[in-house]
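Thanks for making time this morning. I would like to walk through one model with you, moving from the whole chain to a few of its parts, so please have the view open.

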Amino acid sequence: MKIPQKKVELFCGTGGVGKTTIATARALALALSGKKVLLITIDPAKRLKQILNMKDSDDGEISTISLELFAMDPVSTSGKSFDALLMSPRATLQRMAIEKNLHAEFDSDIIKTLSRPYGGMNEIMSIIEVQFQLEKNIYDTIILDTPPGKHFIDFLESSEKIKNFFDKSFLEIFEYLGKNITSGGKARNFISFIVSTGIKKLLHYLEDVTGADFVREFIDAVLALYKCRDSFLKALSFQKELKKESFSNWFLVTSVEQQKMNEAQELKHDAAHFLHRDHFLVMNKCLSTFLDNWNTEGNEVLERLKQSMTKREHELQEFAGKNFLNVLKFHEINHPSPMEHVKKLAQMFLDQTRND
Ligand SMILES: Nc1ncnc2c1ncn2[C@@H]1O[C@H](COP(=O)(O)OP(=O)(O)OP(=O)(O)O)[C@@H](O)[C@H]1O
Ligand SMILES: [Mg+2]
């Protein structure tokens, strides 16, 4: 099967189906083919860390993974590598702070809380990070391993909310207030201005509950984010790019179970706005090779079990063929090491895309 080379490849799917493993295998396969690849994972479970033996200090930093780590044929791996980045919203925000000279503003507890892995800024920050890496223009392909389920798709579709946040009238208010603050005016001025707007009640309430310091910090945090609006707005244009066939490949990962296949089908439906012709169903953990080699001769019970499992597997493959234009198959690997899984799956990628 041909998988055209694109700037971005997204790996989506429900929990535990093998997104991170397959995305890493794809990075390895592309790097073996001589491509310059960056693998970004948003997975809060940090599974990539385990697979690639990365350290806590690697969070948010680009690590170069030598293909020699995979102990494969030394001729094909020699001198080759791919880059990997465990998304850290805080690291991306820090990079933005450096770029925009906002160190002091970003050193606030509110921003620190927002940029925790579960602080709600994971997705937007990862899009900003991808956008930033794309602008560096050093990678042939950036692979994005997304968090489980349709949450990521919902997020992509929520771009209107971000736009509203930065919409003109809101911006005008903050711009005006921002000038007050940056030109030496006290945050008080800022509050007194807002007092005349509809936000009055909310801020008074906040002030009562949390004290004036918190309100000031809140305002500073909003202003700091406002000053980074161009990065946020650029992330919106990236969402549009993702819909273009010339820009992205979408991989919907599923394991070979009816429920997971149904979930992949639902995901395809939910992501319909984004999907173009180049989307691939990745059927992971297929049992066909195991079943073909399973010698059940002389054991009637096992023979029957094998037959029913084989029938089931065929039905699921038929279901995939009917519902998806492009289907890639990856076998269940009987080995405890995740590194072994990645190596073998990378080989399966190369075997299935040999004609590229
Ligand atoms: N083809 C395979 N054969 C055997 N084991 C596999 C295969 N693919 C993945 N695994 C294993 O399945 C487990 C789940 O994989 P992985 O963490 O990649 O899933 P995920 O979809 O990224 O999960 P999450 O939704 O938590 O992010 C891991 O232990 C991984 O090594
Ligand atoms: Mg994962």
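This is a predicted model: local features need pLDDT of at least 70, side-chain atom pairs count only at pLDDT 80 or more; totals for chains, interfaces and linings use all residues.

Of the 356 residues of the chain, 33% count as buried, where buried means that 20 or more other C-beta atoms, placed from the backbone, lie within 10 Å of the residue's own, while 12 or fewer make a residue exposed and anything in between partly exposed. Residues are numbered from 1 along each chain as its sequence is written, with chains lettered from A and ligands numbered from 1 in the order in which they are written.

The chain has 18 helices and eight strands, these being DSSP runs numbered from the N terminus, H or I over at least four residues for helices and E over at least two for strands. If we take contacts with a separation of 6 or more, 77% of those in the chain are between residues 24 or more positions apart, a contact being two C-beta atoms, placed from the backbone, within 7 Å.

Let me turn to the largest nonpolar core, which has 72 residues, and in which L28 and V282 touch the most other members; a core here is a set of buried Ala, Val, Leu, Ile, Met, Phe, Trp, Tyr and Cys residues joined through C-beta atoms within 7 Å. Its largest share, nine residues, comes from α1. Setting aside residues up to four places away in sequence, L28 touches L67, F70, F82, V342 and A346.

Helix α1 (19-32) also gives two or more residues to the shell around ligand 1, as do β7 (279-286) and α18 (338-352). Of the 20 residues around that ligand, G18, K19, T20, T21 and P148 come nearest, and a residue belongs there if its C-beta atom, placed from the backbone, lies within 6 Å of the molecule. By class the shell holds seven nonpolar, eight polar and five charged residues, with Asp, Glu, Lys and Arg counted as charged, Ala, Val, Leu, Ile, Met, Phe, Trp, Tyr, Cys and Pro as nonpolar, and the others, Gly among them, as polar.

How many of the residues of strand β5 are buried? Five of the five, residues 141-145, are buried, so the strand is largely enclosed by the rest of the structure. On one side sit T141, I143 and D145 and on the other I142 and L144, so that both faces are covered. Strand β1 (residues 8-13) pairs with β5 in the parallel sense over four bridges, where pairing requires at least two DSSP bridges, and F11 stands opposite D145. Strand β2 (residues 37-41) also runs parallel to β5, joined to it by five bridges, with L38 opposite I142.

In strand β4 (residues 81-86) we find L86, which counts as buried because it has 25 C-beta neighbours inside 10 Å. Although L86 and K46 are 40 residues apart in sequence, their C-alpha atoms are 7.2 Å apart in space.

Finally, helix α7 (residues 122-136) has 15 residues that should span 21 Å, and its end C-alpha atoms are 21 Å apart, which agrees; the expected span is 1.5 Å times one less than the number of residues. Its buried residues include N122, I124 and V130, and the helix is followed by N137, whose phi is positive, near 55 degrees.
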